[in-house]
Amino acid sequence: LAIGTISQILLGTLVRGELDTLATTLPLLTSIERYLQVSFWRHLHFWSGIVVVMGSIVSVVMLGRLLQSPSLFVRIPMMMITGLVTAELVFGVTMSVIGPQPLLQLFHLWGAVLLVAVLVVLYSALAREQDAAPTELTKAFRLQAMRFGFAILGMGIIAGVVIHSAEESRTNIPMISI
């Protein structure tokens with residue numbers, strides 16, 4: 001779910017980038033008209049979002065059935081996941097109907113980031129509830145989670161460098177005089 005949610009954030013960024021490009025190239029269109037002009041990424045973002053929503057629901061239901069009496073540290077993240085996924089769905093569908101609004105975009109992004117954070121908290125709570133001696137599967141999963149975390153950190157650093165160089169290239173535009 002965390003990988004799916006992070007993928008959703010990246011796809012949403014592609015949609016947002018295309019919307020910004022359309023805003024400069026087609027300034028007379030309304031936000032909903034620009035949104036309808038967005039290519040393949042809009043559809044991929046929508047349908048993969050549905051997959052994340054369904055995966056979240058299935059995961060919460062399965063955890064509820066598997067765990068006999070989960071601790072409060074497991075129940076709260078499970079409830080938060082349900083609430084955040086519902087909010088994300090409402091924000092996303094609202095933006096697809098009325099067009100992307102800046103405040104809705106902000107809440108939509110915040111919800112996705114919070115969802116990733118709550119998934120990490122849930123993972124930690126579930127790992128803590130297990131026996132002191134973790135199984136081989138748990139050890140392998142933790143190793144993969146650490147690798148994934150370092151990959152995300154690396155991508156964040158690379159994205160920061162790219163954004164910084166793009167901002168600098170805007171200020172270093174040569175002036176041509178006739």
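Predicted model: local features only at pLDDT ≥ 70, side-chain atom pairs only at ≥ 80, totals over all residues.
Which helix holds the place of Ser 31? I looked it up, and Ser 31 sits in helix α2.

**Entry 1: Ser 31 and what it touches**

Then I listed its contacts, skipping neighbours within four places in sequence. Ser 31 is in contact with Ile 98, Gly 99, Pro 100 and Gln 101. Ile 98 is 67 residues away along the chain, yet the C-alpha atoms of Ser 31 and Ile 98 are separated by 8.1 Å.

**Entry 2: Pro 100**

Pro 100 turned up among the contacts of Ser 31, and I followed it. Pro 100 lies in the loop between α4 and α5. Is Pro 100 buried or exposed? At 14% relative accessibility, under the 20% cut-off, Pro 100 counts as buried. Leaving out residues up to four places away in sequence, Pro 100 touches Leu 19, Ser 31, Tyr 35, Met 95 and Gln 105. I also looked at Arg 34, which is 66 residues from Pro 100 along the chain; their C-alpha atoms are separated by 9.2 Å.

**Entry 3: the whole protein**

Time to step back. I counted 6 helices and 0 strands. Reading along the sequence, I get α-α-α-α-α-α. The protein has 178 residues, and buried ones make up 24% of them. For contacts between residues at least 6 apart in sequence, 65% join residues at least 24 apart. The exposed surface comes to about 12400 Å², with carbon and sulfur atoms supplying 74% of it.

**Entry 4: helix lengths**

I compared end-to-end distances with what 1.5 Å a residue would give.

- α1 has 24 residues and reaches 35 Å from first C-alpha to last, close to the expected 34 Å.
- α3 has 27 residues and should span 39 Å; its end C-alpha atoms are 38 Å apart, which agrees.
- α5 has 28 residues and reaches 41 Å, close to the expected 40 Å.

In α1, I found Thr 5, Ile 6, Gln 8, Leu 11, Val 15, Leu 19 and Leu 22 buried. An α-helix has 3.6 residues a turn, so residues three or four places apart point the same way. I kept that in mind while reading the other lists.

The buried residues of α3 are Arg 42, His 45, Ser 48, Gly 49, Val 52, Val 53, Ser 56, Val 60 and Leu 63. What do the buried residues of α3 pack against? They pack against α1, α2, α4 and α5.

For α5, the buried residues include Leu 104, Gln 105, His 108, Ala 112, Leu 115, Val 116 and Leu 119.

**Entry 5: Thr 5**

I picked Thr 5, found in helix α1. Its relative accessibility is 3%, and the cut-off for buried is under 20%, so Thr 5 counts as buried. Which residues does Thr 5 touch, not counting those up to four places away in sequence? I got Val 52, Ala 112, Leu 115, Val 116 and Leu 119. Val 52 is on the buried list of α3, while Ala 112, Leu 115, Val 116 and Leu 119 are on the buried list of α5.

**Entry 6: Leu 104**

Next came Leu 104, found in helix α5. At 16% relative accessibility, Leu 104 counts as buried. Not counting residues up to four places away in sequence, Leu 104 touches Phe 91, Thr 94, Met 95 and Ile 98. Gly 92 is 12 residues from Leu 104 along the chain, and their C-alpha atoms are separated by 8.3 Å.

Last stop: empty space. Rolling a probe the size of a water molecule over the atoms shows where empty space is left. The second largest pocket has a volume of about 760 Å³. It is lined by 31 residues, and the closest to its centre are Gln 8, Gly 12, His 45, Met 95 and His 108. Which helix gives the most to this lining? α1 does, with 9 residues. Helices α1, α3, α4 and α5 each supply at least two residues. Sorted by class, the lining has 17 nonpolar, 11 polar and 3 charged residues.

Met 95 I had already met as a contact of Pro 100 and of Leu 104.

Note on methods
Residues numbered from 1 in each chain as written. Heavy atoms only, no water. 1 Å grid on protein atoms, 1.4 Å probe; cavity = no way out; pocket = protein on both sides within 12 Å on 5 of 7 lines; lining within 4 Å. Points joined across faces, edges and corners; volume = space filled by probe spheres on them. Helix = DSSP H or I, 4+ residues; strand = E, 2+ residues; numbered from the N terminus. Nonpolar A, V, L, I, M, F, W, Y, C, P; charged D, E, K, R; others polar. Expected span 1.5 Å × (residues − 1). Buried < 20%, exposed > 50% of the residue type's maximum accessible area, 1.4 Å probe, protein only. Contact = heavy atoms within 4.5 Å. Areas by Shrake-Rupley, 256 points an atom, 1.4 Å probe, with all protein chains shown as cover.
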